[in-house]
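These are my notebook entries on a single protein. I set down what I looked up, entry by entry.

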Amino acid sequence: MRSPDYTRLAAQLPAVYQQDPVSFAQVDAYLGLADELNRAIVERLEDLLTGLGPDAVLRWPSAVPLDAGADALLRSYLATYDEVAAWAGFVFPESWPRTEAGLARRRQFLARSARLWRRRGTPRGFLSWFALYFGLAGVVRLPYLLEHYKTPGTVATLAPYTATLFVPAPRFTEWTRRQEAVDFVYRYAPAHVSMRVCFVDPDRFAQPPLSNPPVLPDSPTEAELQAYADAVATHQQELNALLCSTVSEIDHKNGIHIHACIDEGRPHDRLGVGRLPTT
């Protein structure tokens, strides 16, 4: 569709060129060749978002024959999204399947990439990107990021700019997926923050202190202010205890074994150092 905002080149010439209708018609016809090229470029730009944006899968690619089949169509969409992601300097990870499900995640990333970039370096932005990267959207127990400065009085707070990321363990049972999560934290956490990753039971997120941080009422009274201060102190103590006691929960099957497992699936700590691997 031709853009109504496009103005012919001949119409932009000074009025003196239009004094002789015959000569102006010749100039207009000559410049019309460039007009056709310009209109084609404008139409391509107008159609660019539909062809290369997050909604590209809503239309049939012009370069794919109508009888090409589902596999060819999927390859075309994936190539399109790879091209758009390259504009942002991003390469889709190998763990994202090159299937319809992976295509949907790529589309979601492209739709949110600008917002993810604006919120980079913030706790909420980091968690949002982590959840999208590992396909945790819609999961009841999402990861929880605890910044250590919020828990004064522990050994953890002696080192500035440190944090712990609590991740639901069942979503990261395989070692490769856990390693990918650690690599993600290493790459995307703010450069000045040292962050550790703990894979914990999802029930941990439904228990204090992760589930019920204190909330200050609107227009609080003195009694409510005191109750809030007491609740904050209790909450900090609970967070302190959590930081000192939490270890990653790795089931026995996915623990690290030397050669064959001699315990026949039984969780047995042969190093005598505590909770290694547990069920």
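**Entry 1: An enclosed helix**

I began with helix 5 (residues 123-133), where eight of the 11 residues are buried, so this helix is largely enclosed by the rest of the structure. I note that the model is a predicted one. The buried residues of helix 5 are G125, F126, S128, W129, F130, A131, L132 and Y133. I then asked what covers the buried residues of helix 5. The cover includes helix 4 (100-118) and helix 6, together with strand 1, strand 2 and strand 3. Just after helix 5, I found G135 with a positive phi of about 65 degrees.

**Entry 2: Helix 4 against helix 5**

I recorded the general rule that two packed helices are described by the angle between their axes and the distance between the axes. For helix 4 and helix 5, I read an angle of about 170 degrees and axes 11 Å apart. These two helices are therefore roughly antiparallel to each other. On the side of helix 4, the contact is made by R105, Q108, F109, R112 and L116, and on the side of helix 5 by G125, S128, W129, L132 and Y133. Sorted by class, this contact of helix 4 with helix 5 has five nonpolar, three polar and two charged residues.

**Entry 3: Helix 3 against helix 4**

I next looked up helix 3 (residues 70-87), whose axis comes within 10 Å of the axis of helix 4 and crosses it at roughly 25 degrees. Helix 3 and helix 4 are therefore roughly parallel to each other. The crossing of helix 3 past helix 4 is left-handed. Helix 3 brings L74, Y77, L78, Y81, D82, V84 and A85 to the contact, where they meet E100, L103, R106, R107 and L110 of helix 4. By class, the residues of this contact of helix 3 with helix 4 are eight nonpolar, no polar and four charged.

I turned to the strands and found an open sheet of three, in the order 1-2-3, with mixed pairing. Which strands stand at the edges? Strand 1 (144-147) and strand 3 (194-200) do; each has a single partner strand, so one side of each is left without a neighbour in the sheet. From one strand to the next, the twist averages 20 degrees.

Strand 2 (residues 162-168) pairs with strand 3 in the parallel sense, over seven bridges.

Is F199 buried or exposed? The cut-off for buried is under 20% relative accessible area. At 5% relative accessibility, F199 therefore counts as buried. Leaving out residues up to four places away in sequence, F199 touches V167, A169, F172, R178, A181, V247, S248 and E249. I noted S248 in particular: F199 and S248 are 49 residues apart in sequence, and their C-alpha atoms are 4.5 Å apart in space.

**Entry 4: The whole chain**

Finally, I counted seven helices and three strands in the protein. From the N terminus on, the elements run α-α-α-α-α-β-β-α-β-α. Of the 279 residues in the protein, 31% are buried. Among contacts with a separation of 6 or more, 61% are between residues 24 or more positions apart.

How values were computed:
Residues are numbered from 1 along each chain as its sequence is written. This is a predicted model: local features need pLDDT of at least 70, side-chain atom pairs count only at pLDDT 80 or more; totals for chains, interfaces and linings use all residues. Side-chain values use heavy atoms; hydrogens and water are left out. Two strands pair if DSSP finds at least two bridges between them. Helices (H or I, at least four residues) and strands (E, at least two) are DSSP runs, numbered from the N terminus. Axes are lines fitted to C-alpha atoms, for helices over the stretch in contact, and angles run from 0 to 180 degrees between N-to-C directions. Buried means under 20% relative accessible area, exposed over 50%, partly exposed in between (1.4 Å probe, protein chains only). Contact means heavy atoms within 4.5 Å. Angles under 35 degrees count as roughly parallel, over 145 as roughly antiparallel, 65 to 115 as roughly perpendicular and the rest as oblique. A crossing is left-handed if the near helix is turned anticlockwise from the far one by less than a right angle, and right-handed if clockwise. Ala, Val, Leu, Ile, Met, Phe, Trp, Tyr, Cys and Pro count as nonpolar, Asp, Glu, Lys and Arg as charged, and the others, Gly among them, as polar.
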